[in-house]
Every structure is written in C-alpha cells, then in structure tokens.
Amino acid sequence: MLAWSILLPLLALAATAAALWYRRRYHALQWQAARMQTEIRTLQAGLQQAAHSEEAQREALFNSMVEGVLLLDTQQRVRLVNRTLRQWFDWSGDPADRSLIELFRDFRLQDRVQAALSGRQESGFEMELPGKMPRILQANVAAVKDLSGKVQGIIVVFHDLSPLKRLEVVRRDFVANVSHELRTPLSMIRGAAETLCEGAGDDPEARRRFQEMIRKHASRLSLLIEDLLVLSQMDSGRVSLDMQSLELAEVVPAALDDLQASAAERPTAIRNRIPCGLAVRADRNRLLQILYNLLDNAVKYGRPNGQIILSAESGRDGMVTVRVQDDGPGIPAEYLEWIFERFFRLDRARSRNQGGTGLGLSIVKHLVQAHGGKVWAVSPPTGGTVFCFTLPQAGRREEGSDAAESGPA
Amino acid sequence: MQRHLDQDLVALKEKLLTMASFAETAVVQAMKALSGRDAGLAGEVVAADTTLDRFEIELDELCINLLALKAPIAADLRLITAAMKINQNLERVGDEAAKIAKCARALSYLDESAEGSGDIPRLAETVIVLLRTSLDAFVKGDTGLARECIQKDREIDARNKSIQGELADVMVKTPHRIGACLQRMIVSKSLERIADHAVNVAEEVVFLYEGKDIRHLADES
C-alpha cells in the first residue's frame, strides 16, 4: 500500500514529464516541418522562375531572329514557328500541328524534309514567296538528332534573300548604265578622230566641226567621271563637310553667276526671291553645288523665254526650305520618286543633248542628306516643277546641328 | 473506324496539296520558260507532266478505296468526291502548262521580237494568282475566297478574247509572223483554260464546305 502511494505520484510525475517532452518535441517538429515547407516553396518558386526566365529568354531569342525558323516533328507536323516566319507567310489561324504541305504547298520543301528525315543532307534551295510583298527565301533543312543519333525532328531556317537580290539588280543596272554612258562619248570622239585622220582635216570647215565634236564629248566624259567620283566619295563616307553658318542671300549670287551664260542662251530669267537674314548651317561649296545642279536643271528643262523662281522660308522644325520652281512641261507623278536615282532620265535623248550626265539629282540627294535635310519634287498638273530641299537653320539649334558635321547621313 | 478514316482523309488532303504544288510550279515555270526564251526549262516542264499524271492515278485509287472500304458519309463523302474532281482539274492544269512549255520551246527557236503579245505575261500573272487563291480557299476552307475566284473568270475570258483578236490582226498585217502568233494564241487559250480549272476547284470548295452545288449558275443568270 505504502509502495503504491509512493509509486503512483512518481508514475504520474514521469507520465507528465514524458507528456511534456513529447509536446515540446512535437512543437519542435511542427516548427521544423513548417520551416522546411517554406524552404521547399521558396525553392520551387525559384526553380519555376528560373524555368520561366529561361523559357522567356529562349522565346525572345527565337522570336527576335531575323531568319524565319520552323520546327517540325517526324510526322512533318509543325511544332514551333517564330515570329518572322509568321509575318512572312499569311497563315490564317495557328500553324501549330498543321502539316508542312498545308502551310507551304511546296513539294521541293517537302522533298528536302523527307530527305533529312531519312538521314540525307541536301543543300539549301531558293523558294519564291508570292503575295503583296514578294520575297525570295533560301530554305535550309537540317535534322535534329538525339544522343543515339535518332532523328527527333526537323529544323528549317529561312533566309530572306530579297534585299540582296534587289541590290544585285541595282548593281547590274548601274554597271550597265555607266558602261553605256562612258562608251557613247568615247565612240563619238574616236569616230571624229578617225574621220580627221582619214583626210577630213584638209577641209577647214570639216576640221573645225570634228574638233568641236571631240571637245564637246571629251568635256562630257570628264563631267561624268567627276560626278561619278563625287558619288563614290559620298558612298564611301569620305566627304567631310565644313559646316558653317551661311547667309543664303549671300551664297545664292555665286551660284547664279555661274549660270548666267546658259540662262542668257536659253533665254531664261532667274528671279531670286531669297529673303535677307535667312541663315543655314551648311558647307559653302556643297551648298553651291546643290543650288547649281538644281538651277542648271531648271534652265535646261524649263520653257525657253520662261522664268525660274528661287525662294526660301524657315519652318517651325528648325529647318529652312529652299525652292527652285521652273515653268517647264513638268514631271509625270509616277516618275517623281525615281528622278533622284542614278542615271534615271525621263527623256534620254533630250537629256544627253543638254549635256546631262544623269547623276546631277542623285548628287543633290546625297549632299542634302549629308547635311541632315531632305529633298523632293512636286509637279502640279498645270505644269512646271518645284524642287525643294531642307537644310538646318543656323542660330536656332546650334548645339543639335553640330552633330551633322561628321559626315554624310 | 472513324479515327482511321480521319487519318486517311488527312493523308488524302495532303497528297492532293502536294499535287497542287506540282501543278502550280508547272504553270509558273512554263511562263518563265516563255519569257526567258529558255528551251531547257520548257523541256523540264514538259517532262514533269508525267509526275502529275501519276499523281492523278494514285489519288483516284486512294479515293475509290476509301469509298469502297470505309463507306464515308456526309462531309467525309463530300471531301472524297471533291478531291476526285480537284484531282482531275489539277491534272488538266498540268497538261495546259505542258502545252505552254511546248509553245515556249517553239518560240525560243524563232528569232523575233515579242511584238503583239504584250498582254500575255499580265494575263498569266492574273491566272497564277487565281489558281493559287482557289487552292488557298481549299486549304483554309474559305468559301468567300472561292466565290471571289469564280467572279474573276469572266474578266479572264474577256482578256483572252482581246489577245486572240490582237494576234489575229498582227497575222493579217504581217503574214511572216503567223507561226509565232499561232503559238501565242495557244498560250493565251491555255492560260484561259487554266483559269477555268481554277474556277472548277473553287466551285468544289463551295460544294465541300457549304454542301451547295453552284456550278453553271453564272451561265444561267
């Protein structure tokens, strides 16, 4: 009995102590579990974020490529298409899961994909993309293989060759034009020289005529070569501009002096309506060349006994617009955007008779752009043409315009 | 059973589109051979016609097998019958392209300027776009696009007629050019026939997706 009375409280005490220990342990464990859970959540979020950002990076890379990229599975169904390719091809709806032939309808592409699937590598090929903006694309097909070498899918990369092809056409036309323009005066000179050698020189009248012919064509040839040199300098960025503040009303008379003889011959009256006090930031010699080329054109293609009006005004955008207006037959609207192209001529025969090289307006365009301005022409249906160009106004945005001194735009 | 049929129909459509790609390319290449006076390219187009003939036979077999073995109904049946007709039209487009290529070959040997045929390249451009659009309508299931194609037919007929008239005038005025003019007349007529086939394809597209037969309606009105 005594033993029980001692043992019972002891047992109760032990039980309480054990309960307390378990409770504390339980709380510790619970706290630990909660901490671990938080850690797991943080880790999970971190992993998810990493995966997301990796995917976002991959997607950004895939979609920012200038090439069109297409990923196909082994059944020739589309898995992935990047943004560029979607823009080039006008597919209605989502291209994913659709077949190659349905999207491209090009058996040659299908043949190459088939070849790549069976392990053969074929060279790229060119395909024409019809539509409002026709393109020439080069398609390269490659198989995507796993570590064991088994084909997992196909990747097709499309390069847009259209700009290259266009440049090729421009280059070919330019070379053809230059050779033609050089050959024509050269053959005239040779013809005249040969005729002189064969005895025509004995007759003083004939001799004078052929000598004049040689002089005229030789000077045309040298003008042409000079213009070509200017253009090539501008193309290679070797033209440096000595930008300074120039009073337009002071520069213009120098250009008019050079044209006096040809204007009197036509005859054409040049009205100078440039207001005083209008200053531009430009290279003096280049500005003179721009004015000379435009005024010379106006004299050549204007009406005999007509008049040319030269005017200028400042705009709100810190630019000065200069206008050269003639009263000639005008330029058809569809040609207005072409006239600044090299060797573009509305009337080939007439232009050559006038001694033009076909490069004058192209030089004007380059020079104006090098000054940070733009040039355009308008030809109202009533006749006449107005050539306009802009130059930065001096004294208004001095600090901004200094940037234009480094070279052509 | 239906799942199998679905897969078969997808395969049928894809084969038909591969054939369409061959037919389209044949017309484009034939016109290139004509404008570039390229006898070699013309020969290739003529030779490629056998591929289209083979496609026609294979597709016909495929359609007949599907009809016999799978007993399709409703839209599936319409797809198979439309495919058979489109198949036939595409094969004929190939024949016309080969005809143009033969003319291109003959013309490439004739040493003469392109006088009196100025409208043929422009007609060809319209016809190629029409053929392409009718096939786009088939791929997209766009009956609006198909109806647009059908509208174009009259314009093309009229242009062919005016080219035939112009060439006849040239023949009367310059008898030594009769040979070249006759070849160009065949080219123009073939282009007009290709447009007719494209319109037939467009009509099948309307039948396929709307279940309406609109053939010859324009002729009656």
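## Exercises on a two-chain predicted model

Chain B and chain A bury about 1,200 Å² between them, and carbon and sulfur atoms account for 54% of that area. Keep in mind as you work that this is a predicted model.

### Exercise 1: The interface

Work out how many residues each chain gives to the contact, and which elements of chain B supply two or more residues to its side.

Solution. Begin with the residue lists: 15 residues come from chain B and 12 residues from chain A.

Next, look for polar links. Nine residue pairs are in polar contact across the interface, both partners at pLDDT 80 or more. Now assign the chain B side to its elements: helix H1 (2–35) and helix H4 (120–140) of chain B each give two or more residues. H1(B) provides the largest share, with 10 residues. By residue class, the side of chain B that touches chain A holds six nonpolar, three polar and six charged residues.

### Exercise 2: Salt bridges between the chains

Find how many salt bridges cross the interface of chain B and chain A, and locate the partners of Arg77(A) and Glu14(B) in their elements.

Solution. Start with the overall count, which is 32 salt bridges over all chains. Four salt bridges lie across the interface of chain B and chain A.

Take Arg77(A) and Glu14(B): their closest N and O atoms are 2.7 Å apart, and a salt bridge requires such atoms to be within 4 Å, so the pair qualifies. Arg77(A) sits in the loop between E1 and E2 of chain A, while Glu14(B) belongs to helix H1 of chain B. Then check Arg105(A), which bridges to Glu24(B) with the closest N and O atoms 3.1 Å apart.

### Exercise 3: The antiparallel sheet of chain A

Trace the strand order of the open antiparallel sheet, and explain why one side of E2 and of E3 is left without a neighbour.

Solution. Read the five strands across the sheet: E2-E1-E5-E4-E3 of chain A, with antiparallel pairing. Strand E2 (78–81) and strand E3 (125–129) of chain A are at the edges and have a single partner strand each, so one side of each lacks a neighbour in the sheet. On average, neighbouring strands are turned by 30° against each other, direction ignored.

Now go to the pairs. E1(A) and E2(A) are joined in the antiparallel sense by three bridges, and Leu72(A) has Val78(A) as its bridge partner in E2(A). Their hairpin has five residues between the strands, and there Gln76(A) takes a positive phi near 65°. Strand E4 (residues 135–145) and strand E5 (residues 151–160) of chain A pair over nine bridges; Ala143(A) finds its bridge partner, Ile154(A), in E5(A).

Helix H4 (residues 107–117) of chain A lies across strand E1 (68–72), E3, E4 and E5 of chain A and runs at about 140° to E5(A).

### Exercise 4: The mixed sheet of chain A

Determine the order of the open sheet with mixed pairing, and identify which strands of this sheet H7 touches.

Solution. The five strands follow the order E7-E9-E10-E12-E11 (chain A). Strand E7 (268–273) and strand E11 (375–378) of chain A are the edge strands; each has a single partner strand, so one side of each has no neighbour in the sheet. The twist from one strand to the next averages 15°.

Within the sheet, strand E10 (residues 319–325) and strand E12 (residues 386–392) of chain A pair in the antiparallel sense over seven bridges. Arg323(A) stands opposite Cys388(A) in E12(A). Helix H7 (residues 248–265) of chain A packs on this sheet and touches E7, strand E9 (306–314) and E10 of chain A, its direction making about 180° with that of E7(A).

Terms used: Residues numbered from 1 in each chain as written. Chains lettered and ligands numbered in written order. Predicted model: local features only at pLDDT ≥ 70, side-chain atom pairs only at ≥ 80, totals over all residues. Heavy atoms only, no water. Contact = heavy atoms within 4.5 Å. Buried area = accessible area lost by both parts, 1.4 Å probe. Salt bridge = Lys/Arg side-chain N within 4 Å of Asp/Glu carboxyl O. Polar contact = N/O pair within 3.5 Å; in protein donor to acceptor, adjacent residues only side chain to side chain. Helix = DSSP H or I, 4+ residues; strand = E, 2+ residues; numbered from the N terminus. Nonpolar A, V, L, I, M, F, W, Y, C, P; charged D, E, K, R; others polar. Pairing = 2+ DSSP bridges. Axes fitted to C-alpha atoms, helices over the stretch in contact; angles between N-to-C directions.
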